[in-house]
Amino acid sequence: MSEPVSIVLAHGELAAGLVSAVEQITGMGNCFVAMSNAGLSSAELEVRLRALVDETGARVVFTDLPAGSCNIAAFRLLRDRDVIVVSGVNLPTLLHFVTHPQLSPEEAAAEAVERGAPTLKVTLGTPRGH
Amino acid sequence: MAIELYRIDDRLIHGQVVVGWGQPMSLGFLVLVDDEVARSEWEQELYRMGVPPNLDVFFASVAEAGARLDEWNRDKRPGILLTSDIDTMTRLIDAKSSIRAVNLGGIHHRAGRIERLRYLYLTADEVRALRALERRGVEVTARDVPASRPVSLDDLLEGNGEEGVA
């Protein structure tokens, strides 16, 4: 592919799982590179993320938990790299992002968050005894 | 409630602290003790960016933390004090001997460190520094999250720690 990939950086195996799900649903999993923070100090995490951004030319870094080490490592890059950080990533957000390649990274990220955030909702079943 | 946990964690503010410990403790505030972060508005902003708005974060150098510890301990909310390394916590205890227990939450791999637990790697000098804290009457235990068993310094140095992880 000619477009730079985007990075999904998350705790444990979450990033790999999300990218795998994007691949299953759209066949476009190769638009993302998955990275985990497992076993890494914050300093080492930042070093590896910088290297991955430089290697891939990624403009967008999706992270999972606000205030988590992944999120903070990505925020550190904002000081000297032209990257966009999306926090609190979920699968609908990634799907919207990856299926709108005609948008700029800034537009795609903003729109993906706008569409992805409301997909988180509660649906109640039938109460017991009814 | 005061400061309930004095934690050494090289990630400082992150998910295990804010969510893993913060939720069950009903955490009200964090104290981040680090001379470098205390001098940097940018670093402080970075750590504040993702923290929930109901959680106060105070930044302090070791000297400032020593001076303000009693004030934080009068806070009615539960708090966690964080340092990124053993040396910083030791200097704080030098300044404020009322700290009687230290939690080892995460010291990750780098050259010269030996794995003691999956989240805890220590050099020989760091082991000596922790032993010195114990000799001063400070209880030193390793525990990354509340769901895992606290591991004593003796156990983790003898390699008996991992079996206790929940």
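Mentor: Gladly! Strand 2 (residues 29-33) and strand 4 (residues 78-83) of chain B run parallel and are joined by four bridges. Within this pair, B:L30 stands opposite B:I80 of strand 4 of chain B. Two strands pair if DSSP finds at least two bridges between them; strands (E, at least two residues) and helices (H or I, at least four) are DSSP runs numbered from the N terminus. This is a predicted model, in which local features need pLDDT of at least 70 and side-chain atom pairs count only at 80 or more, while totals for chains, interfaces and linings use all residues. Residues are numbered from 1 along each chain as its sequence is written, and chains are lettered from A and ligands numbered from 1 in the order written.

Now widen the view. The pair belongs to an open sheet of seven strands in chain B, ordered 3-2-4-1-5-8-9 with mixed pairing.

Next, look at chain A. Four strands of chain A form an open sheet in the order 2-1-3-4, with parallel pairing. Its edge strands are strand 2 (32-36) and strand 4 (84-86) of chain A, each pairing on one side only. Strand 1 (residues 6-10) of chain A runs parallel to strand 3 (residues 60-63) of chain A, with three bridges between them, and A:V8 stands opposite A:F62 in strand 3 of chain A. Chain A has five helices as well as its four strands, and from the N terminus on the elements run β-α-β-α-β-α-β-α-α.

Finally, where do the chains meet? In all, 17 residues of chain A are in contact with 15 residues of chain B (C-beta atoms, placed from the backbone, within 7 Å). Helix 3 of chain A supplies five residues, the largest share of the side of chain A that touches chain B. Here A:I72, A:F75 and A:R76 in helix 3 of chain A meet B:L46, B:Y47 and B:M49 in helix 3 of chain B. By class, this contact of the two helices has five nonpolar, no polar and one charged residues (Ala, Val, Leu, Ile, Met, Phe, Trp, Tyr, Cys and Pro count as nonpolar, Asp, Glu, Lys and Arg as charged, and the others, Gly among them, as polar).

The axes of helix 3 of chain A and helix 3 (residues 41-49) of chain B come within 9 Å and cross at roughly 140°; axes are lines fitted to C-alpha atoms, for helices over the stretch in contact, with angles from 0 to 180 degrees between N-to-C directions. Helix 3 of chain A and helix 3 of chain B are therefore oblique to each other, given that angles under 35 degrees count as roughly parallel, over 145 as roughly antiparallel, 65 to 115 as roughly perpendicular and the rest as oblique.

Conventions
Two residues are in contact if their C-beta atoms, placed from the backbone, lie within 7 Å.
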